[in-house]
Amino acid sequence: MDFIIFLFTLLKVLLSTSVVGDPACRKTCGSLLVKYPFGTGCGCGSPRFYPYVTCNSDQLLLTTHTGSYPITSISYATSTVTITPPYMSTCNSMQQSPNLGLDWASPFQLGPSIIILLSCTPPTSSLIVKGSPVCDPSSSNLCASIYTCPSVVSLDLPLFPPTNSCCVYSPANFNAQGELDLRQLKCAGYTSIASLQDYPTDPSKWQYGVALKYTNGAFDDYYINNKCNTCEASGGVCGYAPRGNSFICACNGGFNSTTDCYNNQNQIIQDEDEYPGVIWSSTSLPTLKIVEFGSCYCIDSTIPFTVSRVVARRTRGGISNV
Ligand SMILES: *[C@@H]1O[C@H](CO)[C@@H](O)[C@H](O)[C@H]1NC(C)=O
């Protein structure tokens with residue numbers, strides 16, 4: 001059972017990140033500044049954020065059980081990120097959307113955005129989540145505005161908005177599965193407004209996206225935050241090492257330190273044998289060593305490979321064959 005979860009996690013990592021060995025921790029992903037607790041890969045940032053957050057082809061992504069979502073902004077001051085789900089409707093493009101979900105174990109929760117459910121089976125006053133009605137009719141002005149977007153025709157929406165749209169899903173909430181369950185609510189789509197940008201009646205100027213709050217969690221106590229501030233101030237990137245997720249400061253010179261990058265005194269000398277490795281061999285390719293990083297698995301190899309048929313042998317812990 002444990003192993004199935006392991007395999008699943010590994011596949012998820014393989015599918016969501018480049019298979020070629022991760023470069024050392026980076027300070028940016030595309031145009032986004034990536035600081036603690038976020039990281040650009042395994043061993044970077046806080047172990048609680050990997051593999052939920054990864055940097056993939058210069059795009060920071062949040063991966064959950066319902067999909068992968070581009071992270072378009074991060075506010076470190078307010079501990080908020082904004083994601084833009086690809087099938088979410090905006091003024092420019094209205095479309096049917098699949099459910100949006102967050103993983104319970106991840107450090108993310110729904111934040112303060114304005115969610116409008118589109119094209120629901122009327123009456124929307126009967127939409128119930130956890131026993132309470134969820135549509136706030138007093139915000140129908142927002143729907144009236146969004147119905148001025150020419151793209152509404154693509155959802156076959158009638159001209160009088162409040163009849164079949166939930167003009168502010170409030171308080172926005174996920175169900176027991178951690179999802180905005182459009183299928184259960186019988187709505188075709190949704191839009192989420194991260195900011196009205198001082199133009200409450202001009203939907204073409206709104207900033208669309210789903211705001212999420214994040215919590216640093218157990219690993220990220222005052223002590224780590226303090227260490228991390230010093231590391232970042234010295235030009236380093238905060239990360240963690242395999243053994244017990246202990247703090248590391250990844251420095252520009254390509255070395256890691258237990259403290260900061262001001263000098264080389266606390267440099268960590270990498271010793272291969274120190275790592276609790278898992279040996280995987282595929283039927284057609286050479287053996288790959290996978291370094292197990294607590295909650296994440298890094299592929300310690302520069303050989304790209306495809307996961308067609310993986311035969312696994314775990315060197316420690318009793319798994320022999322799959
Ligand atoms: C430094 O730490 C990062 C993140 O844990 C890791 O990817 C990298 O291989 C380490 N570099 C060295 C030289 O040990």
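Isoleucine 193 has tyrosine 208 in E14 as its bridge partner. This is a predicted model, in which local features need pLDDT of at least 70 and side-chain atom pairs count only at pLDDT 80 or more, while totals for chains, interfaces and linings use all residues. Residues are numbered from 1 along each chain as its sequence is written.

Serine 195 stands opposite glutamine 207 in E14. E13 is also joined to E9 by six bridges, again in an antiparallel arrangement, and here isoleucine 114 has isoleucine 193 of E13 as its bridge partner. Together the three strands make an open antiparallel sheet in the order E9-E13-E14. E9 and E14 are the edge strands of this sheet, since each pairs on one side only.

How many of the nine residues of E13 are buried? Eight of them are, and the strand is mostly covered. A residue counts as buried if 20 or more other C-beta atoms lie within 10 Å of its own, as exposed if 12 or fewer do, and as partly exposed in between, with C-beta atoms placed from the backbone.

Strand E6 (residues 80-83) is joined to E15 by four bridges and runs antiparallel to it, with isoleucine 83 standing opposite valine 210 in E15. Strand E8 (residues 108-110) also pairs with E15 in the antiparallel sense, over three bridges, and leucine 110 has leucine 212 of E15 as its bridge partner. Because four of its five residues are buried, E15 is largely enclosed by the rest of the structure.

Alanine 211 is itself buried, because 23 other C-beta atoms lie within 10 Å. Leaving aside neighbours within four places in sequence, alanine 211 is in contact (C-beta atoms, placed from the backbone, within 7 Å) with Thr80, Thr82, Gly111, Pro112, Ser113 and Ala194. The C-alpha atoms of alanine 211 and alanine 194 are separated by 6.0 Å, although these residues are 17 residues apart along the chain.

In soluble globular proteins, nonpolar side chains tend to be buried together. The largest nonpolar core in this model has 72 residues, and those with the most contacts inside it are Ile116, Leu117, Cys166, Tyr169, Cys187 and Tyr190. Such a core is a set of buried Ala, Val, Leu, Ile, Met, Phe, Trp, Tyr and Cys residues joined through C-beta atoms within 7 Å. Strand E9 (residues 114-120) gives the largest share of this core, six residues. Not counting residues up to four places away in sequence, isoleucine 116 touches several residues, including Leu142, Ile146, Cys166 and Tyr190.

Seen as a whole, the protein comes to four helices and 23 strands, and buried residues make up 38% of its 322 residues. Among contacts between residues at least 6 apart in sequence, 62% join residues at least 24 apart.

Methods:
Helix = DSSP H or I, 4+ residues; strand = E, 2+ residues; numbered from the N terminus. Contact = placed C-beta atoms within 7 Å. Pairing = 2+ DSSP bridges.
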